[in-house]
Amino acid sequence: MRKTKNPEKQVLRIIRDADVVLEVLDARFPDLTRLPQYENLAKKLGKPVIIVLNKADLVPKEWAEDWKKILQREGFPVVFVSTKERWGTRILRKTIKSVAPKLPVVVGVIGYANVGKSSLVNVLKGKTAAPAAPVPGWTRGEQLVKISKEIYLMDTPGIIPLTDPARLVLIGAYDPNRLEDPELPAELLLRVLHSADPEKWPATIEEYAKKKNYLLKGGVPDTHRAAVDLLSKWQKGKISVPSLDWLKKVDAELNE
Ligand SMILES: Nc1nc2c(ncn2[C@@H]2O[C@H](COP(=O)(O)OP(=O)(O)OP(=O)(O)O)[C@@H](O)[C@H]2O)c(=O)[nH]1
Ligand SMILES: [Mg+2]
């Protein structure tokens with residue numbers, strides 16, 4: 001993960017400078033990827049906050065709908081988006097205009113690392129504008145991107161408020177290559193994947209390594225490589241969530 005120069009400060013400045021704040025959450029972990037302190041700051045400054053549940057392509061519909069209700073009850077307009085499948089952008093533009101105190105409006109895009117802020121900016125722009133990186137923590141400075149005559153966006157670097165790397169790696173905010181023991185979070189992920197679909201997912205990281213043919217000398221499974229491989233796929237949104245119960249289970253394990 002590349003170091004960003006004081007991302008917290010940049011996010012604070014953008015909340016101050018923007019007319020509207022877009023908080024992007026990972027639809028798989030809306031509660032774990034929220035940034036309440038920044039939501040509160042925006043509220044104090046009188047800036048409307050729209051919540052985007054991104055990566056909606058990875059979760060069951062009921063899960064997304066439940067979260068939408070919870071967040072709406074707190075008073076936020078909520079929009080589902082998949083930047084991968086390109087859903088939700090038209091309604092998002094409409095929602096931005098409906099809360100904008102003036103037009104043209106400057107929108108600050110904030111959120112946890114790796115939730116898809118830069119991908120969202122790119123999809124809204126229509127062609128690649130802000131760099132979207134598979135590696136968390138990549139976006140550096142803020143940049144103003146013109147979406148239309150009426151909407152301008154500012155991307156920001158991701159915020160990482162938690163400190164436990166094993167948890168962070170599952171949320172997607174931490175590069176698994178940097179973990180000393182990626183086996184730990186990989187085992188947790190594999191356990192729940194296996195319980196949902198034992199045909200597709202082996203129960204242990206050793207078996208996963210064998211299946212992938214990641215072997216060290218003497219045929220010993222390379223569990224480190226296997227763990228990094230699995231966690232990278234998860235972070236890049238290549239593993240979809242098999243069921244609502246499953247997601248609840250991972251969420252509960254992460255919240256322990
Ligand atoms: N499946 C799926 N994957 C997504 C979606 N949006 C983004 N991703 C993936 O999530 C990863 C992170 O996307 P970015 O747009 O770089 O995320 P970011 O929030 O800008 O990340 P930082 O700048 O590091 O904080 C990439 O691997 C994207 O391909 C989505 O809607 N669905
Ligand atoms: Mg980014």
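This note goes through the salt bridges of a predicted model.

1. The structure holds 7 salt bridges, and the points below take up some of them, with attention to where the partners sit and how accessible they are.

2. The side chains of D19 and K102 form a salt bridge, with an N to O distance of 3.2 Å. This pair links distant parts of the chain, since D19 belongs to the loop between α1 (7–17) and β1 (20–26) while K102 belongs to the loop between α4 (89–99) and β4 (105–111), 83 residues apart. D19 is buried, at a relative accessible area of 15%, whereas K102 is partly exposed, at 44%.

3. A salt bridge also joins R34 and E74, whose closest N and O atoms are 2.8 Å apart. Here too the pair links distant parts of the chain, 40 residues apart, with E74 in the loop between α3 (61–73) and β3 (78–80) and R34 in the loop between β1 and α2 (36–44). R34 counts as buried because its relative accessibility of 15% is under 20%, while E74, at 44%, counts as partly exposed.

4. In the salt bridge between K233 and D229, the closest N and O atoms are 2.9 Å apart, and both residues lie in helix α9 (residues 223–235), 4 residues apart, which is about one turn of the helix. K233 is partly exposed, with a relative accessible area of 26%, and D229, at 17% relative accessibility, counts as buried.

5. Finally, D26, R28 and K55 are joined into one network by salt bridges that share partners.

Notes. Residues numbered from 1 in each chain as written. Chains lettered and ligands numbered in written order. Predicted model: local features only at pLDDT ≥ 70, side-chain atom pairs only at ≥ 80, totals over all residues. Heavy atoms only, no water. Salt bridge = Lys/Arg side-chain N within 4 Å of Asp/Glu carboxyl O. Helix = DSSP H or I, 4+ residues; strand = E, 2+ residues; numbered from the N terminus. Buried < 20%, exposed > 50% of the residue type's maximum accessible area, 1.4 Å probe, protein only.
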